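This briefing sets out the architecture of two protein chains and the way they come together.

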Amino acid sequence: MRSQVVLRVVAKLLIPFILVFALYVQFHGDYGPGGGFQAGVIIAAAVIFYALIFGLPTAKRLVPEWLVETMVALGVLIYAGVGVEGLLLGGNFLDYFVLSHNPVSGQHIGIFLVEVGVCITVSGVMLMIFYLFAGRKRGWHSER
Amino acid sequence: MMVATALAIARLRNLFAVVVLGSLYSFLMATVLVVLDAVDVAMTEASVGAGISTVLLLGTLYLTKSEEAQPTHRPLLPLLVALVTGGLLVYGMLGLPEFGEADSVIHRHVVPRYLEQGVTETGVPNIVTAVLASYRGYDTLGETTVIFTAGVGVILLLRRWRRDATGKDDDAEGGRP
C-alpha cells in the first residue's frame with residue numbers, strides 16, 4: 001500500500017492526532033472517560049495504522065520488537081512497583097495514601113502511575129500480537 | 001439492528017464479511033453502552049472490539065482461507081443447547097431488580113461510600129477511574145497481569161514457530177517436493 005498517495009498523506013495527517021488523543025485519554029482519565037487501558041489500545045492502533053500503510057518493516061524500525069517486549073513486562077512491573085513502594089513506605093500493598101504527605105495527592109500519584117503501567121502493558125501486548133500475526137507467512141494450504 | 005447483524009454473521013459463509021459485520025456489531029454495542037451512560041466501557045468496546053480485534057482477525061484471515069468450511073453435521077443439537085441456555089438466562093433475568101433501581105442489593109453495599117467519599121478521598125472526579133485504580137487496585141493489577149500473560153503466551157507460541165519456519169525455509173527450500 002506504499003504507492004497509495006491519498007492513504008499515505010491521510011495517515012501522516014491523522015497519526016499525530018491519534019497519538020495526542022491517546023495522551024489526552026491517558027492523562028484526562030481522572031476527569032473524563034478514559035484511562036490507561038483505552039489509551040494503550042489507541043496508541044497500539046496508531047502504530048498498527050502506520051504499519052498497515054507504510055509496511056511492517058518500517059513500523060518495526062520505528063517501534064522495534066525488543067521495545068514492545070520490554071513494554072509488555074515494564075507496565076506490570078510499574079503497577080506492582082507502586083504496590084511495593086506503598087509497602088516500603090509503611091502502608092499496605094497498593095496503598096496510595098503513603099506516597100505523599102497529603103493523602104489526596106498521594107492518591108493522585110498512585111492512580112497516575114498505575115494508569116501509566118496499564119497503558120504501557122496494554123499497548124505493548126496489542127502491538128506484540130499484531131507484529132507476530134502480521135509477520136507470519138501464509139499457511140500451508142496456500143502453498144499447494 | 002444488532003439482531004440483524006448477529007443473524008447475518010451466523011448465515012454468511014464469507015469470513016471477510018463476517019469480520020466486517022463483527023466490527024459493526026461492536027460499534028452498535030458501543031452505542032448501546034453510551035446510551036446506558038457507561039462511556040468508559042463504550043470507549044473500550046469501540047477501540048478493542050471494533051478496532052484492534054478487527055485488524056487481528058483480518059490478519060488471521062490473510063493467513064487462512066476466507067471461506068468457512070461447510071458443516072459436516074446438522075446444527076440441530078447445538079441450536080437446541082443455545083436455545084435452552086438462552087431461555088435459562090432470560091428466566092434468570094426476570095429475577096433481577098429493575099434497571100436503575102436505587103435500593104437494589106448491589107447499590108447498598110459499598111457503592112454509596114464510593115460515590116459520597118470518592119472525590120474527597122481520592123481527589124479524582126471520574127468515579128470510574130477512582131474505583132478502578134484505587135479502591136479496586138488489586139483487581140486491576142490482576143487484569144493487567146492477565147493481559148501480560150496473554151502477551152507472553154502469544155510470544156511463546158508464535159515466536160518459536162516462526163523462527164523454526166524461517167530456519168527450515170533457508171535450509172530445506174530446495175528439498176521440498
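In this predicted model, V41(A) touches V122(A) and M126(A) and also reaches across to S47(B), V48(B) and I52(B), leaving aside residues up to four places away in sequence. V41(A) also belongs to the largest nonpolar core, which has 50 residues.

**The largest nonpolar core**

- Within this core of 50 residues, the members that touch the most other members are V41(A), A44(A), V47(A) and M126(A).
- Two or more residues each are given to the core by α1 (5-27), α2 (36-54), α4 (65-88) and α5 (103-135) of chain A, and likewise by α3 (39-63), α6 (127-135) and α7 (137-172) of chain B.
- The largest share of the core comes from α5(A), which gives 17 residues.

**Chain A**

- Chain A contains five helices and zero strands, and its elements follow the order α-α-α-α-α from the N terminus on.
- Among the 144 residues of chain A, 42% count as buried.
- Of the contacts in chain A with a separation of 6 or more, 62% are between residues 24 or more positions apart.

**The pair α1(A) and α2(A)**

- Two packed helices are described by the angle between their axes and the distance between the axes.
- For α1(A) and α2(A), the axes come within 8 Å and cross at roughly 165°.
- An angle over 145 degrees counts as roughly antiparallel, and α1(A) and α2(A) are therefore roughly antiparallel to each other.
- The crossing of α1(A) and α2(A) is left-handed.
- The residues of the contact of α1(A) with α2(A) comprise 16 nonpolar, three polar and one charged.
- On the side of α1(A), the residues that meet α2(A) include L7(A), R8(A), A11(A), I15(A), I18(A) and F21(A).
- On the side of α2(A), the residues that meet α1(A) include G36(A), Q38(A), A39(A), I42(A), F49(A) and Y50(A).

**The contact between the chains**

- The contact draws 48 residues from chain A and 42 residues from chain B.
- On the side of chain B that touches chain A, at least two residues each are supplied by α3, α5 (111-122), α6 and α7 of chain B.
- The largest share of that side, 17 residues, comes from α7(B).
- By residue class, the side of chain B that touches chain A has 21 nonpolar, 16 polar and five charged residues.

**Chain B**

- Chain B contains seven helices and zero strands, and its elements run α-α-α-α-α-α-α from the N terminus on.
- Among the 177 residues of chain B, 16% count as buried.
- Of the contacts in chain B between residues at least 6 apart in sequence, 35% join residues at least 24 apart.

**V111(B)**

- V111(B) lies in helix α5 of chain B.
- Because V111(B) has 13 C-beta neighbours inside 10 Å, V111(B) counts as partly exposed.
- V111(B) and D139(B) are separated by 28 residues in sequence and by 16 Å in space, C-alpha to C-alpha.

Technical notes:
Residues are numbered from 1 along each chain as its sequence is written. Chains are lettered from A and ligands numbered from 1 in the order in which they are written. This is a predicted model: local features need pLDDT of at least 70, side-chain atom pairs count only at pLDDT 80 or more; totals for chains, interfaces and linings use all residues. A nonpolar core is a set of buried Ala, Val, Leu, Ile, Met, Phe, Trp, Tyr and Cys residues joined through C-beta atoms within 7 Å. A residue is buried if 20 or more other C-beta atoms lie within 10 Å of its own, exposed if 12 or fewer, and partly exposed in between; C-beta atoms are placed from the backbone. Helices (H or I, at least four residues) and strands (E, at least two) are DSSP runs, numbered from the N terminus. Two residues are in contact if their C-beta atoms, placed from the backbone, lie within 7 Å. Axes are lines fitted to C-alpha atoms, for helices over the stretch in contact, and angles run from 0 to 180 degrees between N-to-C directions. Angles under 35 degrees count as roughly parallel, over 145 as roughly antiparallel, 65 to 115 as roughly perpendicular and the rest as oblique. A crossing is left-handed if the near helix is turned anticlockwise from the far one by less than a right angle, and right-handed if clockwise. Ala, Val, Leu, Ile, Met, Phe, Trp, Tyr, Cys and Pro count as nonpolar, Asp, Glu, Lys and Arg as charged, and the others, Gly among them, as polar.
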